[in-house]
Amino acid sequence: MEEKVITVTSGKGGVGKTTTTANVGAALALLGRKVVVLDGDIGLRNLDIVMGLENRIVYDVVDYVEGRCRLRQALIRDKRASELYLLPTAQTRDKTAIAPEQMVQVCDELRKEFDYIIIDSPAGIERGFQNAVAPADRVLVVTNPEVSSVRDADRVIGLVESYGKGPVQLIINRLVAARVRRQEMLSTQDIIDVLSTEIIGIVPEDEAILASSNRGTPVVFNGKSPAAIAYRDIARRLIGENVPLAQPQTTSWWQRLLGRTE
Amino acid sequence: MNFVERLLGKRSSAETAKQRLQLVLVHDRAEIPPGVLALIKDDIVAVISQRVNIDREQVVVSVTHEDQASRLVVDIPLLSGSDGRAPGRSLNNAPRSSRRTPSASS
Amino acid sequence: MIAIKGYRQGLLIVLSGPPEEPWLTRLRELESKLNANPGFFRGGSVAFDAGAMSLSEDDLRRSMALLAAHEITLWAVLSRDEATRAHVRSLGLADRLEPASTAPASGSSPDNSAPSAVASSPHAAPAEEGHADATDGLLVRRRVRSGQVLRHPGHIVVIGDVNPGAQLIAGGDIIVWGRLQGVAHAGALGDDQAVVCALDMSPTLIRIADAAYVPRPDEIRSRHRAGSAETARIEDQQIRFIAWDKQLRAFE
């Protein structure tokens, strides 16, 4: 079976799952794939706002599951890319509105039409997380270079592996190279030491992200900022291109001179 | 956002965010999905324009939220010179027949 | 007679005795064992082996209640009696030791979970048939992640790192051929001669029998940086850490 359904999760909230889902989905669409991004956070929907499509929601995935509309009616087409769609979730229900088996059914329907289905998992490890992981062919875990975020990522990786959905691939988000150099922030190597998973992307802290979410325009549409480049590289790796990880310079030239290894 | 950009009337991203937020929160509180308003507007325009001459382009349908209550607010400008009939509907001056027969067009 | 055995799927409590001994008596014996070693059992899930005993639904409910009072979950009851097995199934319990995997109903992973938590040496917990001696060990060859719990009445050996947030609870010794950063409780069934060994001893909490030691955060960091293999054991009723080279002499 092709690996079409990709779930983006993290454990901890606020690390950048939704931004990652929106940008990776958009980047895949810009590479010519037919993509749908799916909001998994029932009751606290966010993917619509980050994508800037909030004004067009008429039906959502809960309406479809409960038989009030056809799947096509709930899908919102994003006109900024050739084949990019959003399947929003309900704002006025809670996580019990959908069961994991129903999520699997929804994704089975979507597989018929789409090349990639990217699911934005809610924070936590309860029902919402289980719903998001149940249909996954692969799981991407997003973490920040920060102790509690890495601890939560570890928990989530253990759970995903115990569900048989591993191995996961890791995205390190909001890395600040200067702070790693000053040893204020965990380095990529520190994180690998603890989590021991393959890294599929390193996204640096980028001012452009705030403006992009304010305006509802994912950064990859505007191209050149560091985060946009990183997200587009992640998309390329997902489709099988070999894009080497640009290791941010986290040892200073002085440290390298003295032979200190990272 | 620098001085020149402001002068040229460009909105800062924070201002855009605030506007979007105000709109989305009103919809959240009223529990009406935003896209549904567009459908309501189409429905209202279709129904009302069967009876009265209205300025379709200027119709506004919105939701407000004040004092814990939500209101659907509809603003429909009427076109002047209307005699109460919508354009395109022929005046039927034919006398009523004693027996009711279904008319061909209605 | 209560025996505690460690299997791939977790703990198995064998409640055996003369056929005329009532179930309640055996439960009372189990209860005193639970009271004597709360740290070992709490938060875990166990299976019962009731042998040839015939148990009513009430017996089973009473068992579940006793365990629940000690924060233990009963997930399976093995019995050679067909009527008992029917009661077991009607209460939603398993009647055999199924392999532990597949997405759990609740958010928590069962003990010793994940496909590779399987021993693969003669000293490890055996497969479902056959019985283990309680001194057998559990061997795990992978990283133990945050939130995961390894619980075994014998020794626990981990070839790999133990992450912060992970827990190892052993009736015997704990050996970590890697970095120990989580919680380790050796001698959890009352053996104060048990030891904890690690190539990198940086646990957040270490316990041997009833003694406990919580390293200070800066102490954890300095241990980690020094990176020497150490053994933790009780001396003079306190937990002490002995570096590997010094320890060679201590054991003689």
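Buried residues account for 3% of the 106 residues of chain B in this predicted model. The secondary structure of chain B consists of 3 helices and 2 strands, arranged along the sequence in the pattern α-α-α-β-β. Among the contacts in chain B with a separation of 6 or more, 53% join residues 24 or more positions apart.

In chain C, buried residues make up 43% of the 252 residues. Chain C contains 6 helices and 15 strands.

Chain C is divided into two parts, domain 1 covering residues 2–90 and domain 2 covering residues 138–250. The centres of domain 1 and domain 2 of chain C, taken over C-alpha atoms, are separated by 29 Å. Contact between them involves 10 residues of domain 1 of chain C and 13 residues of domain 2 of chain C. On the side of domain 1 of chain C that touches domain 2, two or more residues are contributed by each of strand S1 (2–7), strand S2 (10–15) and helix H2 (38–41) of chain C. Strand S1 of chain C supplies the largest share of this side, with 3 residues. By class, the side of domain 1 of chain C that touches domain 2 comprises 4 nonpolar, 5 polar and 1 charged residues.

An open sheet in chain C is built from 5 strands in the order S6-S8-S10-S12-S13, with mixed pairing. Strands of a sheet pair through backbone hydrogen bonds, in either a parallel or an antiparallel arrangement. The parallel sense is adopted by strand S10 (residues 183–186) and strand S12 (residues 205–208) of chain C, which pair over 4 bridges. C:His185 has C:Arg207, in S12 of chain C, as its bridge partner.

The contact between chains A and B draws 12 residues from chain A and 13 residues from chain B. On the side of chain A that touches chain B, the largest share, 3 residues, is provided by helix H10 (residues 208–215) of chain A. The residues on this side of chain A divide into 4 nonpolar, 5 polar and 3 charged.

The largest nonpolar core contains 81 residues, and those with the most contacts inside it are A:Val35, A:Val36, A:Ile117, A:Ile118, A:Leu140, A:Val141 and A:Tyr231. Helix H11 (residues 226–238) of chain A gives the most to this core, with 7 residues. Not counting residues up to four places away in sequence, A:Val35 touches A:Gly25, A:Leu28, A:Ala29, A:Glu83, A:Leu84, A:Phe114, A:Asp115, A:Tyr116 and A:Ile118. Another core, of 55 residues, lies apart from the largest one and includes C:Ile13, C:Val88, C:Ile169 and C:Ile174.

Definitions and conventions. Residues numbered from 1 in each chain as written. Chains lettered and ligands numbered in written order. Predicted model: local features only at pLDDT ≥ 70, side-chain atom pairs only at ≥ 80, totals over all residues. Domains from an automatic or database assignment. Contact = placed C-beta atoms within 7 Å. Nonpolar A, V, L, I, M, F, W, Y, C, P; charged D, E, K, R; others polar. Core = buried A, V, L, I, M, F, W, Y, C linked by C-beta atoms within 7 Å. Buried ≥ 20, exposed ≤ 12 C-beta atoms within 10 Å, placed from the backbone. Pairing = 2+ DSSP bridges.
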